[in-house]
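Here is a short briefing on one protein chain. Keep the sequence and the 3D view open as you read.

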Amino acid sequence: MLYYLFEYLDQQFNLAGAGVFQYISFRAGVGIALSLLITIFFGKHFIKLLQKQQMGESIRDLGLEGQMEKKGTPTMGGIIIISAIVIPTLLVAKLDNIYVILLLVTTIWMGLIGFLDDYLKIKKKNKEGLSGKFKIVGQIGIGLIVGVVMVSHQDIVVRDFNSSDQTIETAVIESQDFEDVKSTITTIPFVKNNEFNYKWLLPDFLEDYTNILYIIAVIFIVTSVSNGANITDGLDGLAAGTSAIIGITLAILAYVSGNLIFAEYLNIMYIPGSGELVIFCTAFVGACIGFLWYNSYPAQVFMGDTGSLSIGGVIAVLALVVRKELLIPVLCGIFVIENLSVIIQVSYFKYTKKKYGEGRRVFLMSPLHHHYQKKGVHETKIVTRFWTTGILLAILTLVTLKLR
């Protein structure tokens with residue numbers, strides 16, 4: 001909204017300084033500042049409201065150190081995160097940008113699913129919350145929407161430069177030297193010509209069904225990453241800090257993908273309009289970092305499924321729209337290993353129970369962060385080490401831009 005206001009003031013009245021809103025870097029700075037302020041100042045009042053409404057977390061005794069001390073801590077703090085993402089984005093981003101619209105819809109959609117789950121658990125005293133199948137239906141729904149929009153919307157394109165012996169700067173001037181094309185192309189890491197097309201997975205006679213394959217892939221990615229973030233949210237500050245690290249990395253990827261000069265230098269695909277996502281990414285990062293003000297150990301508020309499902313969905317869609325979804329196993333390595341630890345634990349338990357009549361475990365407890373708690377490692381040390389691992393994975397992700 002402010003973008004359009006200052007654009008009008010600049011064009012109609014030549015207002016001094018109004019033109020600065022044309023710069024993505026300036027609006028990104030405003031976005032993260034607003035997000036931090038909203039989270040910190042609004043968060044304090046919202047936590048008091050949650051306490052007044054008795055929206056405290058009910059804790060099941062799993063024998064973890066310090067666990068029962070968290071009983072009654074307000075949850076649904078994800079509303080703070082969602083507000084701190086949506087409000088700055090609405091204020092300073094271009095709201096006609098399809099990528100921004102997709103991310104806003106994803107944030108609110110996944111937030112509503114998580115909110116319903118938290119509400120049922122706390123206010124309705126339903127320990128199971130929202131049924132797992134309804135969560136999956138909601139995740140599939142937003143995945144389907146994102147996938148269909150990605151393959152059908154006219155503004156979601158990749159720029160194909162036809163003249164290989166000319167620089168991108170020349171191609172900008174000579175409009176006939178490039179073409180914006182619809183494509184299911186994406187980035188594959190550690191490969192010299194690091195582009196992968198989903199149609200390569202199908203035989204020639206089935207290429208017409210590439211879009212269907214791509215939509216299925218989108219649904220799988222959105223569901224997996226949102227569940228990974230949900231599972232990771234088990235220690236004070238773990239999910240918020242990890243997500244902030246991932247968000248910073250995605251902001252960098254969005255910026256270089258939406259900038260002609262950097263795209264040429266790094267030899268990566270140029271995605272018109274994707275630079276606007278930097279504003280959304282910085283608001284996302286500001287929301288996660290600001291939330292740590294109250295969520296770091298000992299937590300004054302938990303994000304609940306309202307926050308964890310939302311940030312997981314956002315991360316998945318961000319990776320998809322900048323065509324970096326195949327980097328998710330690296331960038332979101334913390335989410336992946338947390339997910340895998342649960343799958344391994346459950347699968348091995350069922351297998352050994354069937355074979356030996358008694359279930360056996362690989363980990364002391366899953367997800368993985370609880371395994372370390374059972375080993376007596378304090379949760380602040382676990383969180384710090386997971387953050388450190390997340391930073392290393394983020395660096396490795398950025399290195400793939402040149403390491404081929």
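Of the 404 residues of the protein chain, 51% count as buried. Buried means under 20% relative accessible area, exposed means over 50%, and partly exposed is in between (1.4 Å probe, protein chains only). This is a predicted model: local features need pLDDT of at least 70, side-chain atom pairs count only at pLDDT 80 or more, and totals for chains, interfaces and linings use all residues. Residues are numbered from 1 along each chain as its sequence is written, and side-chain values use heavy atoms, with hydrogens and water left out.

**Overall build**

- The secondary structure of the chain comes to 15 helices and 4 strands. Helices (H or I, at least four residues) and strands (E, at least two) are DSSP runs, numbered from the N terminus.
- The C-alpha trace spans about 70 × 55 × 35 Å along its principal axes.
- The radius of gyration of the protein chain is 22 Å, which agrees with the value near 22 Å that a compact globule of 404 residues would have. This radius is taken over C-alpha atoms, and the globule rule is 2.2 Å times the number of residues to the power 0.38.
- Take the contacts in the protein chain with a separation of 6 or more: residues 24 or more positions apart account for 72% of them. Contact means heavy atoms within 4.5 Å.

**A helix pair**

- Two packed helices are described by the angle between their axes and the distance between the axes.
- Look at helix α13 (residues 333-356) and helix α15 (residues 379-399): their axes come within 9 Å and cross at roughly 125°. Axes are lines fitted to C-alpha atoms, for helices over the stretch in contact, and angles run from 0 to 180 degrees between N-to-C directions.
- α13 and α15 are therefore oblique to each other. Angles under 35 degrees count as roughly parallel, over 145 as roughly antiparallel, 65 to 115 as roughly perpendicular, and the rest as oblique.
- On the α13 side, Gly333, Ile334 and Glu338 make the contact. On the α15 side, Phe386, Thr389, Gly390 and Leu393 make it.
- The residues of this contact divide into 3 nonpolar, 3 polar and 1 charged. Ala, Val, Leu, Ile, Met, Phe, Trp, Tyr, Cys and Pro count as nonpolar, Asp, Glu, Lys and Arg as charged, and the others, Gly among them, as polar.

**Salt bridges**

- Side chains of opposite charge can pair when their charged atoms come close.
- How many salt bridges does the structure hold? There are 6. A salt bridge is a side-chain nitrogen of Lys or Arg within 4 Å of a carboxyl oxygen of Asp or Glu.
- Arginine 27 pairs with glutamate 276, with the closest N and O atoms 2.4 Å apart. Arginine 27 sits in helix α2 (residues 24-52), and glutamate 276 in the loop between α9 (260-266) and α10 (277-295), 249 residues apart. Both arginine 27 and glutamate 276 are buried.
- Aspartate 117 pairs with lysine 135, and their closest N and O atoms are 3.3 Å apart. This pair links helix α4 (residues 98-122) to helix α5 (residues 132-152). Both aspartate 117 and lysine 135 are buried.
- Asp117, Lys121, Lys135 and Asp305 are linked in a network of salt bridges.
- Aspartate 180 pairs with arginine 159, at 2.7 Å between the closest N and O atoms. Aspartate 180 lies in strand β2 (residues 178-181) and arginine 159 in strand β1 (residues 158-161), so the pair ties together parts that are 21 residues apart in sequence.
- Aspartate 180 counts as partly exposed, at 35% relative accessibility. Arginine 159 counts as buried, at 17%.

- Glutamate 179 counts as partly exposed, at 44% relative accessibility.
- Glutamate 179 and arginine 159 are 20 residues apart in sequence and 5.7 Å apart in space, C-alpha to C-alpha.

**Backbone details**

- The peptide bond from tyrosine 297 to proline 298 is cis, with omega near -10°. Proline 298 is in the loop between α10 and α11 (304-321).
- The peptide bond from serine 366 to proline 367 is cis, with omega near 0°. Proline 367 lies in the loop between α13 and α14 (368-374).
- Asparagine 14 has a positive phi, near 50°. Asparagine 14 is exposed, with a relative accessible area of 62%.
- Arginine 323 has a positive phi too, near 60°. Arginine 323 is buried, with a relative accessible area of 2%.
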